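Please look over the sequence and the structure shown below before reading on.

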Amino acid sequence: MRNGEIVTAGVLALFSIYLMWKSTELPVGYIPDRGPGGGAWPFWLSAIMLICCGITAFNWWRRTTPPSQSDEPFLDGYGWRMVGLVGGGVIVFVALIQIISMYGAIAVFLLYYLRGLGRHSWKLSLTTAITTPLAFFFFFEGAMRITMPTGLPFTDPVFDVLYEIIY
Amino acid sequence: MEVLSLLANGMWLALQPLNLMLILIGVSIGLFIGAMPGLGSVNGVAILLPITFLVPPSGAIIFLAAIYYGAMYGGAISSVTLGIPGASTAVATTFDGRPLARQGRASLALVTAALASFVGGTVANVFFTAFAPLLADVALSFGPPEIFALMLLAFATFVGLGGDDIPKTIFSICFGLVLGAIGFDQISGAPRLVLFDIMGFLQGIGFLVLAIGVYGIGEMLWTIEQSRGEVESTTPKMTARGMAKDTAEATRRGWKGTTIGSVLGFFVGILPAAGATPASLMSYGVAKMVSRVPGEFGKGNPDGVAAPEAANNSASTGSMLPMLTLGIPGSPTTAILLGGMVIWGLVPGPLLFVQEPDFVWGLIGSFYISNLAAVLINLAFIPVFIWMLRMPFTILAPMIFVLSIAGGYAATRDMFDIWLIVIFGLGAFVLRRFDYPLAPAVLAIVLGPIAEPTLRQSLLLSSGDPSIFFTRPVAGPITVVALILLALPAVKLLRRGRGKVATEKS
């Protein structure tokens with residue numbers, strides 16, 4: 001945790017400097033009769049962020065905050081595995097949306113999570129993975145009239161049938 | 001008298017079939033969300049806000065407020081039966097609720113919590129009805145300096161009263177404000193902070209994107225990573241006769257805590273950005289302090305359950321007061337409600353009372369109905385909620401991820417925002433590991449687009465002289481209080497330093 005604390009503060013400090021630099025694309029000073037320039041607000045806020053990162057680094061050096069005193073790792077083996085499997089699953093879920101549609105991606109994600117991570121029965125996993133996207137479809141497209149991404153053209157025959165039902 | 005007639009009209013609106021149905025569904029969802037460890041009102045409101053576009057704005061806010069109410073009641077269920085607070089607002093409830101459950105008196109703890117919550121909610125509703133129109137009247141005369149001073153006070157409260165790492169809290173506030181500034185400069189119309197020249201940033205970052213990322217994805221990852229141990233559950237025996245007996249005992253042994261929590265909770269709740277968690281902790285502390293038997297606290301004293309439970313309900317209503325009357329949220333949940341109101345095309349603040357009286361009074365009326373619905377549903381269905389608590393997290397978690405992503409898309413209709421939700425979620429998980437509080441960032445992204453123009457207009461009015469925030473009769477005292485709150489941590493630090501030096505010398 002101790003190393004992670006200073007690395008995080010360093011990355012956030014760099015990001016703050018980037019934001020300050022980016023803010024200067026608009027005036028950051030006071031313009032007579034027009035008030036503060038458009039870049040002033042984010043520039044000074046980013047400057048405060050940078051100062052806060054500096055104080056965090058100082059506290060790290062003095063070992064006054066819990067993470068700066070901790071010798072524990074950022075995540076243990078279990079933590080890395082869980083976050084990797086769950087976080088990675090969410091990333092793949094979102095990546096699949098534009099390929100196999102929102103509903104297809106929901107079905108794949110639920111099956112992966114329930115059967116793969118949760119070790120639930122095939123019956124429960126398949127039932128949930130099929131009924132949930134269908135319920136979402138009728139809620140979003142049928143009731144709320146919100147069109148979700150339908151993915152690549154190969155999904156069209158399925159959506160033709162479903163749209164036939166609601167329209 | 002006019003207030004009473006407006007309130008009667010509001011209650012009548014809240015009792016319309018659609019609104020009543022939304023209250024009952026909202027309260028039930030809230031009870032479930034509040035009871036589930038790892039989920040709180042803020043998660044529920046952030047994840048479910050996108051699906052409220054199906055109903056009119058008045059129904060949508062009534063639904064979300066009912067979730068807020070229900071979650072305050074629900075938090076006690078897991079605090080008592082599992083010993084794990086369902087939400088941060090119910091942390092103090094575990095102190096005495098869990099010992100009572102271990103003594104075989106879980107039923108008494110749950111009945112005390114429900115009754116105290118009901119009384120806390122009712123007292124707060126009465127205070128709200130009395131104060132809201134007065135405050136809105138006063139706030140009508142506010143100009144940009146007063147509004148900016150109030151914003152400053154909201155952020156200062158986080159810094160001065162929050163128990164978190166101060167530089168990290170300030171970082172979080174500024175980060176949220178900068179995120180809110182991305183897109184276009186509101187005054188000149190020029191593109192601003194188009195990060196890494198990615199055109200998707202031109203449309204800005206909606207508060208919902210950050211809120212769903214933090215509370216839908218980040219908190220879920222956090223809960224999954226943290227909840228690895230087996231949990232010991234206590235199933236209470238709830239019978240009608242037993243509950244009647246418990247009601248009498250709860251009234252006798254919990255009235256003092258209920259009174260303290262109800263009053264203190266409301267006033268802590270109305271402090272901008274304070275919310276129900278500090279209110280419940282403070283009420284527990286005060287109840288223990290004034291008790292004749294402080295030694296019994298922590299061992300199963302009904303007053304120790306009643307005080308935080310009355311306070312968190314009272315504070316949740318209290319935190320709506322600055323949101324509705326001043327346009328400044330009193331808690332992270334109300335910050336999301338405020339953002340929702342903006343999406344629904346409403347302008348939060350005092351003008352709402354003049355321009356949209358049906359909306360405002362319908363909401364206030366719904367507070368009373370939700371409070372009553374929550375206590376009845378809570379007491380009648382406690383066994384059902386306890387049964388639901390046994391639902392494996394491996395079923396609930398993927399549902400929340402799916403709802404966050406699908407709900408996020410429904411609200412923004414943009415895949416770029418969905419990727420941002422994922423990035424914010426992963427980032428929130430990492431930052432939380434290092435004790436960066438994230439609620440201030442969510443509050444800031446909502447308030448940023450209001451705070452910046454008011455600051456710029458104020459400085460334009462004064463030709464760049466910042467003393468305008470000190471010389472005006474209303475803005476002045478608010479700014480001074482905000483500065484005192486901001487300076488509070490530094491004073492504490494100096495005192496601690498001096499104390500250390502004195503100890504070393506002696």
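Are A:Phe93 and A:Phe109 buried or exposed? Both A:Phe93 and A:Phe109 are buried, where buried means under 20% relative accessible area, exposed means over 50%, and partly exposed lies in between, with a 1.4 Å probe and protein chains only.

This is a predicted model, in which local features need pLDDT of at least 70 and side-chain atom pairs count only at pLDDT 80 or more, while totals for chains, interfaces and linings use all residues. Residues are numbered from 1 along each chain as its sequence is written, chains are lettered from A and ligands numbered from 1 in the order in which they are written, and side-chain values use heavy atoms, with hydrogens and water left out.

**Chain B as a whole**

The secondary structure of chain B consists of 22 helices and two strands, taken as DSSP runs numbered from the N terminus (helices are H or I with at least four residues, strands are E with at least two). A compact globule of 506 residues would have a radius of gyration near 23 Å, and the 22 Å of chain B agrees with this; the radius is taken over C-alpha atoms, and the globule rule is 2.2 Å times the number of residues to the power 0.38. The C-alpha trace of chain B spans about 70 × 70 × 55 Å along its principal axes, and buried residues make up 61% of the 506 residues in this chain.

Helix H9 of chain B, residues 207-226, has 20 residues and reaches 27 Å from its first C-alpha to its last, close to the 28 Å expected at 1.5 Å a residue, the expected span being 1.5 Å times one less than the number of residues. A kink of about 30° in H9(B) is centred on B:Gly218, the bend being the angle between axes fitted to the seven residues ending at a residue and the seven starting there. Of the 20 residues in H9(B), 19 are buried, so that this helix is mostly covered.

**Aromatic rings**

Rings of Phe, Tyr and Trp (its six-membered ring) pair if their centres lie within 6.5 Å, and planes under 30 degrees apart count as stacked, over 60 as edge-to-face and the rest as tilted.

| Pair | Centre distance | Plane angle |
|---|---|---|
| A:Phe74 and B:Phe434 | 5.4 Å | 10° |
| A:Phe93 and A:Phe109 | 4.9 Å | 15° |

The pair of A:Phe74 and B:Phe434 crosses between chains, from the loop between helices H3 (66-69) and H4 (77-117) of chain A to the loop between helices H19 (415-433) and H20 (439-461) of chain B. A:Phe74 counts as buried at 19% relative accessibility, and B:Phe434 is buried with a relative accessible area of 3%.

Ring pairs also link A:Phe15, A:Tyr18, A:Trp21, B:Phe171, B:Phe175, B:Phe196 and B:Tyr436 into a cluster. The charged end of B:Lys168 sits over the ring of B:Tyr436, 5.0 Å from its centre, where a charge counts as over a ring if NZ of Lys or CZ of Arg is within 6 Å of the ring centre and within 35 degrees of the ring normal.

**A residue in chain B**

B:Ser316 is found in helix H12 (residues 302-318) of chain B and is buried, with a relative accessible area of 2%. Leaving aside neighbours within four places in sequence, B:Ser316 is in contact with B:Tyr68 and B:Met72, contact meaning heavy atoms within 4.5 Å.
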